[in-house]
Amino acid sequence: MPAGLFVPGPTGALTIGASVPIAGAFGSAQNSPVAAQGPDGAAFVAGAAASPQIIWVVDGARPAAIAEHVTGPVTALAVDAANLYVGVGRTVSAYSRTTGSLVRSWTSSAAPGGVSQLVVAGSRIWALYTVPDPNGESQTGVAGSLVELNPAAASVVRTVTGITGAFCVAAGAAGVYYVT
């Protein structure tokens, strides 16, 4: 782990460990940036929607840096020790954290909607696909799907469909959990 990287304790109140400016990366109208933290503590944040969209990395050892340029808008991020996973539309793409190269992409034809969240659970990546309501805000009452991805495989492992009103997914020791 890089020297100086803040790692929160497993219990107790959360505290701000560092405040790192990313100059010009976010518009004043952007109120919900997409972010993920890797197992080593490095934080990845998708900047203001643009084409290409910039994904920044802050690792506590260096100033904020550009990790990737992707065709957005980015809707979800997840990170493991080897890859940065980026959700855009119906596609999840894996980028090597070492080289920045595109490793592979997956698109689920069986899942309705687009990728709204990504999580790493063990050696798998799970994507929550949802269909927003006409206002683009809530998925209540709309059937969504969970898609399981294996970073080492070129195709989707499985798709779980018919999850009505799911709006959040979290990784657990035994798998994934979703909230409706």
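**Close-up views of a predicted all-strand model**

View 1. Leu-118 has its place in strand β9, where strands (E, at least two residues) and helices (H or I, at least four residues) are DSSP runs numbered from the N terminus. This is a predicted model, in which local features need pLDDT of at least 70 and side-chain atom pairs count only at pLDDT 80 or more, while totals for chains, interfaces and linings use all residues. Residues are numbered from 1 along each chain as its sequence is written, and side-chain values use heavy atoms, with hydrogens and water left out. Leu-118 counts as buried because its relative accessibility is 5%, buried meaning under 20% relative accessible area, exposed over 50% and partly exposed in between, with a 1.4 Å probe and protein chains only. Apart from neighbours within four places in sequence, Leu-118 is in contact with residues including Ala-76, Leu-77, Ala-78, Tyr-85, Val-86 and Trp-126, contact meaning heavy atoms within 4.5 Å. Between Leu-118 and Cys-168, which are 50 residues apart in sequence, the C-alpha to C-alpha distance is 9.5 Å.

**View 2. Val-119 in strand β9.** Strand β9 spans residues 114–121 and also holds Val-119, which counts as buried at 11% relative accessibility. When neighbours within four places in sequence are left aside, the contacts of Val-119 include Ala-78, Ile-125, Trp-126, Val-169 and Val-176. The C-alpha atoms of Val-119 and Val-176 are separated by 8.3 Å, although these residues lie 57 residues apart along the chain.

**View 3. The open sheet of strands β1 to β4.** An open sheet is formed by 4 strands in the order β1-β2-β3-β4, with antiparallel pairing, where two strands pair if DSSP finds at least two bridges between them. The edges are taken by β1 (34–37) and β4 (65–70), each of which has a single partner strand, so one side of each is left without a neighbour in the sheet. On average, neighbouring strands of this sheet are turned by 20 degrees against each other, direction ignored, the axes being lines fitted to C-alpha atoms.

View 4. The protein chain contains 0 helices and 14 strands, and 36% of its 180 residues count as buried. Among contacts between residues at least 6 apart in sequence, 37% join residues at least 24 apart.

Conventions: Axes fitted to C-alpha atoms, helices over the stretch in contact; angles between N-to-C directions.
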